[in-house]
Structures are given as structure tokens and as C-alpha cells.
Amino acid sequence: MSAEHSGIAARVEALEGLLAQKGLIDVESVDRLIDHFTSDVGPLNGAKVIARAWVDAAFKQRLLDDGTKAVAEFGFGGPEGACLVTVENTPTVHNVVVCTLCSCYPWTVLGLPPGWYKSSAYRSRLVAQPRAVLREMGLDIQPEVIVRVWDSSAEARYFVLPMRPAGTAGMGEAELASLVTRDAMIGVARVEGPVA
Amino acid sequence: MKTFELLDAAGSAAPPRSNGELVFDAPWQQRAFGITMAVIDSGTTTWKDFRLQLISRVAEDDARPYWESWAAALEDVVTSAAMLTSAEIDRHEDALAQREAGHDHRRRE
């Protein structure tokens, strides 16, 4: 069977069909798992960078000074990583990233952009109505917090350093990294603390 | 430990990645990956068992593309956990081939 690709595709389809028929797996959970692993695992690079910045003040400063150079310490780089700019969330400022012209995105730390990031609705509305768009995406920003929208381009690809959530004082870098999501690094979500 | 942390392991069992993103060249590779994770999720097999099968399939033929070894290892764990038999899979595959001749545009080689 290794000789032909169509043979393998049919074999895999047969496996999935039979397992589903017997109730051993369901097709929706296969879809959900694929989505989970392609969207949540890709940005693992960025999550490691964020976790390091949370525990190491000197690294955080390097990350804010020169994002490209700082992520290179992890071995993350390449042409798409050029001009990586880190913007830091604070109790008074919330940052969110868009590319109004196309879909510039910090691939080096976040993997490939999600579908909605490339949608014209997100690209055109985020600048005009950031709070409304964020609310629709499930993120309520208090009126007293300033929202800054960063328009990515070939010259500068922005990347959000989210606030470290409460209840994480005793955590190490790996555990902290597992809390950081792609959406939080784009700025359309917060990093949630550990579930009790 | 979460499954994705296990997946992050280096070595011959680690799936190919580009910039931290899992790399699939064809839809069947993605399905094979998703089915494997669903089978592990259901508790019928474990990542550890699957990984051992994958390592041995990769070792068996170094030139074989990674996801083909993955699909072979998936069939190994599914049959050894007695979820399905190879004969059943053969029959279902034949049935699909019959159906597909009249139902879609896939080119059979």
C-alpha cells in the first residue's frame, strides 16, 4: 500500500468510517481534534516566548526592545520573523493586532494565521470599532482601558505580550506556556488562569 | 501531561512541523492524525503505545514518507486493541471503492 497515495487515503477513510460506524470514535471529535492541534499547537513557539518573558525580566526587556533578536534566542527565526514588534498589555492598555491590507502575521511565533484573521470583516472593522469587534469575539474591555490597534505590515509584524493571569505565582515556564493561547497573542482574548 | 506536550517530543516519532505548526501535505494525513488522537482520547489506546508502533514503523522503512508510517501505526494499534480486524478494514475499503466509482470524481489508480 505504500506505493500509492490514493490507496492510503482510501485505507484511512475506511478506518475512520468503520470506527465511526461501530461508535468507537465520532467524526465530529476527529474534526475538533484536528482543529485543536492545528490552531492551538502551532502557536506553542509564541507561548514559550511569553512564558519566558513572564518569569525573566531581563528577557522581557530584550523582547520589548527587539522582538526578532529575542525570539532568535529560542532558535525561532527566518524571513517571516523579520521586524517582530512586541506590544505589552498592562492594566491600562490592551493591544490587538490586525493586518488591514492583507494578512501579515508573525508566523515565526504564531504559526499560520486563523481564517478569521484573513477575513475582510475583521480587517475592516477592527480599526473602526475595536471594542465592538472584541466584544463579539468574547472579550469585554473595560471603558477605562485604552485599546490600541496595531496594523501589521511587511515592515512590522506585531505580537501581543498578554498579562500574566492571577493564581500562577508558583508556576514554571512550561506550565505557564500551556496557558497562553494564539488568540491572546493576537490580542482578541485574555490569558485565563488555571482552572480550579 | 497534556497530549500536545507529548507531541512536542523530538525524535523519529515527532510529527513534521513548520514554525511550530503541524504539517500536512494531503487531507488523508490530517484525517489519520485526527483519528489517532480521537482513538487515544477515547481511552482505547494510549499515546505511549501508539508512539512505540510509530517508532517501529518509521524504523522499518526509513524512506517511507512520515505520514504513511503514521497511518500504518494507526492500523497497528487499532487492530491490536481489537477495535477492528484487518479483514474488516479490507472489506470496508472495497465497499468504499465500489461506491466511489459511481459517486465521486476521485481518480482510481
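User: What makes a residue buried, exposed or partly exposed here?
Analyst: A residue is buried if 20 or more other C-beta atoms lie within 10 Å of its own, exposed if 12 or fewer, and partly exposed in between, with C-beta atoms placed from the backbone. Of the 109 residues of chain B, 29% count as buried. For chain A, the share is 40% of 196 residues. This is a predicted model: local features need pLDDT of at least 70, side-chain atom pairs count only at pLDDT 80 or more, and totals for chains, interfaces and linings use all residues. Residues are numbered from 1 along each chain as its sequence is written, while chains are lettered from A and ligands numbered from 1 in the order in which they are written.

User: How does A:Val180 count, buried or exposed?
Analyst: A:Val180 counts as buried because it has 24 C-beta neighbours inside 10 Å. It sits in the loop between helix H9 (173-177) and helix H10 (182-186) of chain A.

User: Which residues does A:Val180 touch?
Analyst: Two residues are in contact if their C-beta atoms, placed from the backbone, lie within 7 Å. Leaving out residues up to four places away in sequence, A:Val180 touches A:Ala47, A:Ile50, A:Ala51, A:Pro162, A:Met185 and A:Val191. A:Glu192 lies twelve residues from A:Val180 in sequence, at 8.0 Å C-alpha to C-alpha.

User: How many helices and strands are there in chain B?
Analyst: Helices (H or I, at least four residues) and strands (E, at least two) are DSSP runs, numbered from the N terminus. Chain B has five helices and two strands. Their order from the N terminus is α-β-β-α-α-α-α. Chain A has ten helices and four strands.

User: Where is confidence lowest and highest in chain B?
Analyst: pLDDT is the predictor's confidence in each residue, from 0 to 100. Chain B has a mean of 77, and 70% of its residues reach 70 or more. Helix H1 (residues 3-7) is lowest, at a mean of 49, and H4(B) is highest, at 92. pLDDT stays under 50 over residues 1-6 of chain B, which have nine contacts beyond four places in sequence in the model. It also stays under 50 over residues 102-109 of chain B, with four such contacts. For the complex, the predictor gives an ipTM of 0.81 and a pTM of 0.57.

User: What describes two packed helices?
Analyst: The angle between their axes and the distance between the axes. Axes are lines fitted to C-alpha atoms, for helices over the stretch in contact, and angles run from 0 to 180 degrees between N-to-C directions. Helix H2 (residues 27-41) of chain B packs on H4(B) at about 30 degrees, with axes 10 Å apart.

User: Which hand does the crossing of H2(B) and H4(B) have?
Analyst: A crossing is left-handed if the near helix is turned anticlockwise from the far one by less than a right angle, and right-handed if clockwise. H2(B) passes H4(B) in a left-handed crossing. Among the residues that meet are B:Phe33 and B:Ile35 of H2(B) and B:Trp70 and B:Leu74 of H4(B). This contact divides into ten nonpolar, two polar and no charged residues. Ala, Val, Leu, Ile, Met, Phe, Trp, Tyr, Cys and Pro count as nonpolar, Asp, Glu, Lys and Arg as charged, and the others, Gly among them, as polar.

User: At what angle do H3(B) and H4(B) cross?
Analyst: The axes of helix H3 (residues 47-60) and helix H4 (residues 66-80) of chain B come within 8 Å and cross at roughly 130 degrees. That makes H3(B) oblique to H4(B). Angles under 35 degrees count as roughly parallel, over 145 as roughly antiparallel, 65 to 115 as roughly perpendicular and the rest as oblique. The crossing of H3(B) and H4(B) is right-handed.
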